[in-house]
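Subject: Handing over a structure

Hello,

I am passing a structure on to you, and it is shown just below. After it come my notes on what turned up, written for someone who is opening it for the first time.

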Amino acid sequence: MKITFLGTGGGRFSTISQRRMTGGFRIDNLNGINLHVDPGPGALVRTYQFGLDPRNLSGVFISHAHTDHYTDAEVLIEAMTRGMTKENGVIIGSESVFNGFKDWGPCISNYHKSKSENVVLKPGDVKKLPKFSIKGTKTIHGDPTGVGFQIRTKNINISYTTDTQYFDDLASYHEGADIFISSVIRPGSQSIRGHLCSDSFIKLLKEIKPKLAIMTHFGLKMLSDNPVVEAKKISDASGVKTLAAFDGMALDVNFRRPDKSVISSLKDENSFLYRREKQNTYQSSLRAHENDELTIGKSKFDKGTTIKKDFTLSKR
Ligand SMILES: [Zn+2]
């Protein structure tokens, strides 16, 4: 089993700026099937970027009707169903995702719902699917129907809080988690309504005691601090090995010892190698005159283009 993070940014401003990517994550070879979780903006592109194929999905999970969790869902459903020509796969999500709830959703058209099994998941519900069972876990967040999960297989239990604030019985929904994945949007004690910060996450880890915790869905404040340093503090304070996910992180899951799972891929952006690689950007190649004939700003198409501030239709 492999868990791949196709984006570790979260919240409106991380998403709009793409300081971190927002493609959610994939669980591959979950008893032989592949599941995409919370495909936010860029999920399709990140899937290919990190060497995966959306056409071999058997399931898409969408926790709630916020853009950073659902935007690419429909196009992944098209991939899963061979462009809507074949019945295939399962779509699992909150009430709002399928049917809309007050101001939230729906996020998937009737057309895109039509070729896959639809599972509306509510907190506490357990759905038995052919390859695994999934329990809905409660959230307290903007979308009142938002739902996380605990996936149970014979080998391992994987829990995912999605976006939620801390509340008293949150831990009880995730009891028995071997790997615990959570949206931790802010560092330290900087709590914000509807979300976890590091301090409330520590409290939760002490209650649940998973074998491995992975935090993701970082907001700008978390990113300005260093999530890796934050994860280390959380490990020390909670006694639970905690990783701060990075974009493209793929984890080969060790069923017997989840805390010994191996990060199998790509770039840890805090590593020396990645920083050096990052210097090799478009800007650095411009400085080195590697692409003189393509130099930005000399395009004839750009002439006369101005960006007006505060442009509104009423000012026309
Ligand atoms: Zn949200």
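Two strands are said to pair if DSSP finds at least two bridges between them. Helices (H or I, at least four residues) and strands (E, at least two) are themselves DSSP runs, numbered from the N terminus. With that in hand, strand β1 (residues 2–5) and β2 pair in the antiparallel sense over four bridges, and lysine 2 has aspartate 28 in β2 as its bridge partner.

Two notes on the source before going further. Residue numbers start from 1 along each chain as its sequence is written. The model is predicted: local features need pLDDT of at least 70, side-chain atom pairs count only at pLDDT 80 or more, and totals for chains, interfaces and linings use all residues.

The overall picture

The protein has 12 helices and 16 strands. Of its 316 residues, 46% count as buried; a residue is buried if 20 or more other C-beta atoms lie within 10 Å of its own, exposed if 12 or fewer, and partly exposed in between, with C-beta atoms placed from the backbone. Two residues are in contact if their C-beta atoms, placed from the backbone, lie within 7 Å. Among contacts between residues at least 6 apart in sequence, 57% join residues at least 24 apart.

The sheet and strand β3

β1 and β2 belong to an open sheet of eight strands, in the order β6-β5-β4-β3-β2-β1-β15-β16, with mixed pairing. Its edge strands, each pairing on one side only, are β6 (117–120) and β16 (262–263).

Four of its five residues are buried, so β3 is largely enclosed by the rest of the structure. Towards β2 (residues 25–30) the pairing is antiparallel, with four bridges, and phenylalanine 25 has valine 37 as its bridge partner in β3. Towards β4 (residues 59–62) the pairing is parallel, over three bridges, and here valine 37 stands opposite phenylalanine 61.

Together with helix α2 (residues 43–49), β3 and β4 make a right-handed β-α-β unit. Right-handed here says that, with the strands pointing away from the viewer, the path from the first strand over the helix to the second runs clockwise.

The turn between β2 and β3

β2 and β3 form a hairpin with two residues between them, and asparagine 31 in the turn has a positive phi of about 55°. Asparagine 31 counts as partly exposed, with 15 C-beta neighbours inside 10 Å. Leaving aside residues up to four places away in sequence, asparagine 31 touches Lys131, Phe132 and Thr153. Methionine 1 is 30 residues from asparagine 31 in sequence, and the two are 7.8 Å apart in space, C-alpha to C-alpha.

Helix α4

Which residues of α4 (residues 73–80) are buried? They are Ala73, Leu76, Ile77, Ala79 and Met80. These five residues cover an arc of only 155° around the axis, which puts them on the same side of α4; the arc is that of the directions from the helix axis to the C-beta atoms. Their cover includes β3, α2, β4, α3 (67–70), β5 and α6 (110–113). After α4 comes arginine 82, with a positive phi near 50°.

The nonpolar core

A nonpolar core is a set of buried Ala, Val, Leu, Ile, Met, Phe, Trp, Tyr and Cys residues joined through C-beta atoms within 7 Å. The largest one holds 71 residues, of which Val60, Leu76, Ile179 and Phe201 touch the most other members. Not counting residues up to four places away in sequence, isoleucine 179 touches several residues, including Ile156, Ile158, Leu212 and Val253.

Backbone points to check by eye

Most residues other than glycine have a negative phi, and most peptide bonds are trans. Glutamine 18, in the loop between α1 (12–17) and β2, has a positive phi of about 55° and is partly exposed, with 13 other C-beta atoms within 10 Å. Threonine 162, in the loop between β10 (157–160) and α7 (170–174), has a phi near 50° and is buried, with 27 other C-beta atoms within 10 Å. Glycine 105 and proline 106 are joined by a cis peptide bond, with omega about -5°; proline 106 lies in the loop between α5 (95–99) and α6.
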